[in-house]
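Please examine the structure shown below together with its sequence.

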Amino acid sequence: MLTLDNVYRANYALKNIIRTTDVIYAPKLRSDAEIYLKTENLQITGSFKVRGSYYKMSRLSAEEKARGVIACSAGNHAQGVALSAQKNGIKAVICLPDGAPISKVEATKSYGAEVCLVEGVYDDAYKKALSLRDEKGYTFIHPFDDEDVIAGQGTIALELAEQIPDLEAVIVPVGGGGLISGIAYTIKTLNPNVKVYGVQASGAPSMVNSIHDGKIETLSKVSTIADGIAVKCPGSLTYELCRQYVDDIVTVTDDEISAAILALMEQHKLVTEGAGAIAVAAAMFGKVDIKGKKTVCLLSGGNIDVTILSRVINRGLLMSGRTCQLLIELVDKPGQLKNVSRIIADMGGNVISVHHERANEGSDVNGCYLRIALETRNFEHIESIKKALTDFGFKLM
């Protein structure tokens, strides 16, 4: 069974390996709660995963180390295992889903591991890793359903207990459940009064569904920008620990995650991946009850693929009212576009694209449409621009 002694042993083993990550005050994320950010996105390898994987490998026998290790991952566990194997002089083979971000694949290779790309998602990579384990005799390093791995992740809670002694709540990303299991067990053992909330993506709610229905369930598919927590089925160990120690698990949408990534970049100059920003999304959009509480949001990782970063930012801008698109019906005569531009400029909006098209068959012969994209301050600003246009006589579609 998982014990507090095991978490403290993990803390000692990791002492000269990992970084004790900072806790940063984040007053702008939510006005009615005292929110702090635990910056595991700034951990070595860019994720908390190295904690569990290194501690697990430090406890292997000489024979197990000689045979080598194998792991499966959506990306961050892969890098943690690869680096841990490199430091321990162990051969490592990592199975990754073929859709894993290229940056994570290349980073894993850079730590000296052999990468095996598997068609499908994390669970398909997991099956392949078990097959290779049986075939080659490797030692399997599970990404979450392992007591030593969970104990390694629990060392974050020991740091939080020192950094914020009067902590009242912590919000943690949930995929397979290893991170929240370690944190919840450790925090609740040290101080049962601290609330522990988990967050999953609405497109991958495996632990949420399992806890709700009282049994472990497997999703038929997962779909989310938070690739680090896109897990079809939670672990048996992590399910029991979550059921016992976690106060609640909620979900957030990809749009909410995007808005959180944008807020962290703009307000705190912190780059996070989808899974890394999910706890902040839950706080920003009121998914958990933290009003008046001193709360930590765990930023679990920062390994976002730069090729999707611009798309995530654009979604975040839309979600936070920083950009919008308007479709305006006009009469096709001189001066119409000039009036629209003047009104938007007077209201402080910034036009970034304009598309003017003639009306379709069946509409007014003198009709036309103006499709316009704007940079705005917030949703209230958007509504004031819309009102100014309609007050002038324009019809918004």
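The model is a predicted one. A search of the whole structure finds one cavity of 30 Å³ or more. The space in this largest cavity amounts to about 280 Å³. Its lining comprises 29 residues, and those closest to the centre of the cavity are Phe48, Lys49, Gly175, Gly228 and Ile229. By class, the lining of the largest cavity consists of 14 nonpolar, 11 polar and four charged residues. Two helices, α4 (76-88) and α8 (178-190), each supply at least two residues of that lining. The greatest contribution to the lining of the largest cavity comes from α8, with three residues.

Two packed helices are described by the angle between their axes and the distance between the axes.

Consider α8 with helix α1 (residues 4-13): their axes come within 10 Å and cross at roughly 115°. Angles of 65 to 115 degrees count as roughly perpendicular, and α1 and α8 are therefore roughly perpendicular to each other. The crossing of these two helices, α1 and α8, is left-handed. On the α1 side the contact is made by Leu4, Val7 and Tyr8, and on the α8 side by Tyr185, Thr186, Thr189 and Leu190. The contact of α1 with α8 contains five nonpolar residues, two polar residues and no charged residues.

The pairing of α8 with helix α10 (residues 236-245) has axes that come within 9 Å and cross at roughly 40°. This angle makes α8 oblique to α10. Here α8 passes α10 in a left-handed crossing. The contact involves Gly178, Ile180, Ser181, Ala184, Tyr185 and Lys188 of α8, which meet Thr238, Leu241, Cys242 and Tyr245 of α10. Six nonpolar, three polar and one charged residues make up the contact of α8 with α10.

The axes of helix α14 (residues 336-346) and helix α15 (residues 379-392) come within 9 Å, with a crossing angle of roughly 140°. That value makes α14 oblique to α15, since only angles over 145 degrees count as roughly antiparallel. In this pair α14 passes α15 in a right-handed crossing. The residues that meet are Asn339, Val340, Arg342, Ile343 and Ile344 in α14 and Ile385, Ala388, Leu389 and Phe392 in α15. The contact of α14 with α15 has seven nonpolar residues, one polar residue and one charged residue.

The remaining subject is the open space of the model. What is the volume of the largest pocket? The value is about 310 Å³. Divided by class, the lining of the largest pocket has 10 nonpolar, four polar and two charged residues.

Terms used
Residues numbered from 1 in each chain as written. Predicted model: local features only at pLDDT ≥ 70, side-chain atom pairs only at ≥ 80, totals over all residues. Heavy atoms only, no water. Axes fitted to C-alpha atoms, helices over the stretch in contact; angles between N-to-C directions. Helix = DSSP H or I, 4+ residues; strand = E, 2+ residues; numbered from the N terminus. Parallel < 35°, antiparallel > 145°, perpendicular 65-115°, else oblique. Left-handed = near helix turned anticlockwise from the far one by under 90°. Contact = heavy atoms within 4.5 Å. Nonpolar A, V, L, I, M, F, W, Y, C, P; charged D, E, K, R; others polar. 1 Å grid on protein atoms, 1.4 Å probe; cavity = no way out; pocket = protein on both sides within 12 Å on 5 of 7 lines; lining within 4 Å. Points joined across faces, edges and corners; volume = space filled by probe spheres on them.
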